Amino acid sequence: MIPTFNNAAGLVLLADRLSCVVNGTGKSWEVILVDDGSSDNSWRVIEDIARDRPGFRGILLGRNMGQARATLCGIRAATGDIVVTMDDDLQHEPEAMPMLLAELDSDGGYDGLFAWFPDKQHSGLRNLGSRIVRYLNARAFGLGKVKISSYRLMRRQVADFIRANKSSIASPGAMMLAATRHIKSVPIEHHQRAFGRSNYTLISQLRLALTNLFAVSLLPLRLIAGLGIATAMVSAIMVLGTLVRYFTTGFGVPGWATLVILITFFSGMILLSLGVIGEYLLRVLRELQYTDAVPVRRTIGF
């Protein structure tokens with residue numbers, strides 16, 4: 001399945017290349033194109049593709065919901081034993097799919113697989129954002145050598161886990177990592193965009209990484225707990241040192257500077273802790289407020 005946004009010019013070429021690849025696998029297949037509230041002609045092109053090409057289906061969202069939630073909509077609509085997600089800009093090579101399917105079955109089989117790109121064809125800021133996101137994900141989910149991307153394969157049980165998850169903020173990649181540890185990453189070539197320009201910025205990448213952290217991982221809360229323990233130990237050492245100084249040498253001058261530093265430090269720690277807890281509470285509130293995570297306006301081909 002493929003989320004698309006304002007890519008009317010590239011959808012026919014994408015469909016042509018996908019048709020050649022999936023027909024060559026000898027397996028039954030479907031291609032789901034999810035229009036994430038495009039403002040161009042994308043939905044009309046998807047309708048034409050679905051009418052002219054058996055196996056192609058389309059979903060039009062009521063408004064732009066973002067790539068992650070558009071992808072979740074497509075995963076929930078998919079019916080195959082293996083679900084593949086990829087981008088619509090042909091930077092993710094469709095022709096790599098047979099090799100990725102073979103890798104999914106290698107070494108006794110995996111529940112999921114991510115393609116990753118040693119040399120990304122992005123701007124410097126976009127690549128910096130990707131490295132930051134990869135670092136945060138690795139620390140949050142204990143990935144080890146697994147590198148994630150939006151070009152991913154998952155078996156039916158993982159797709160069913162994602163389908164059953166009613167969260168409106170967690171991303172497919174984060175939910176895959178929460179569903180299984182039998183997962184791997186495979187390096188492939190990354191290509192230049194066939195048409196248009198990327199809608200992702202450094203800020204949006206960082207926002208997605210933080211969403212993954214707060215939606216699935218307990219890492220921020222555990223970091224706060226660890227920091228609290230560390231500061232408590234430092235405080236105990238400082239109190240002990242103060243008592244030793246008092247009973248041995250006395251105080252020559254009032255410890256005004258020390259007092260200000262301690263108050264400032266612990267006030268900052270309290271505000272930081274409240275901020276992280278507030279992020280979790282905000283996401284709980286948003287989850288309670290959502291009644292329909294992905295509003296679908298139209299479908300075709302189903």
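Strand E6, residues 152-155, is covered on both faces, with Arg152 and Met154 on one side and Leu153 and Arg155 on the other all buried, where buried means under 20% relative accessible area with a 1.4 Å probe and protein chains only. Strands here are DSSP runs of E with at least two residues, and helices are runs of H or I with at least four, numbered from the N terminus. The model is predicted, so that local features need pLDDT of at least 70 and side-chain atom pairs count only at pLDDT 80 or more, while totals for chains, interfaces and linings use all residues. Residues are numbered from 1 along each chain as its sequence is written, and side-chain values use heavy atoms, with hydrogens and water left out.

Strand E4 (residues 82-85) runs antiparallel to E6 and is joined to it by four bridges, two strands being paired if DSSP finds at least two bridges between them; in this pairing Ile82 stands opposite Arg155. Strand E5 (residues 112-116) also pairs with E6 in the antiparallel sense, over three bridges, and Phe114 stands opposite Arg152.

E1 pairs with E2 (residues 31-35) in the parallel sense over three bridges, and Ile2 stands opposite Leu33 in E2.

In the contact between helices H6 (residues 156-164) and H7 (residues 172-179), Val158, Phe161 and Ile162 of H6 meet Pro172, Met175, Met176, Ala178 and Ala179 of H7, contact meaning heavy atoms within 4.5 Å.

Methods: Buried means under 20% relative accessible area, exposed over 50%, partly exposed in between (1.4 Å probe, protein chains only). Axes are lines fitted to C-alpha atoms, for helices over the stretch in contact, and angles run from 0 to 180 degrees between N-to-C directions.
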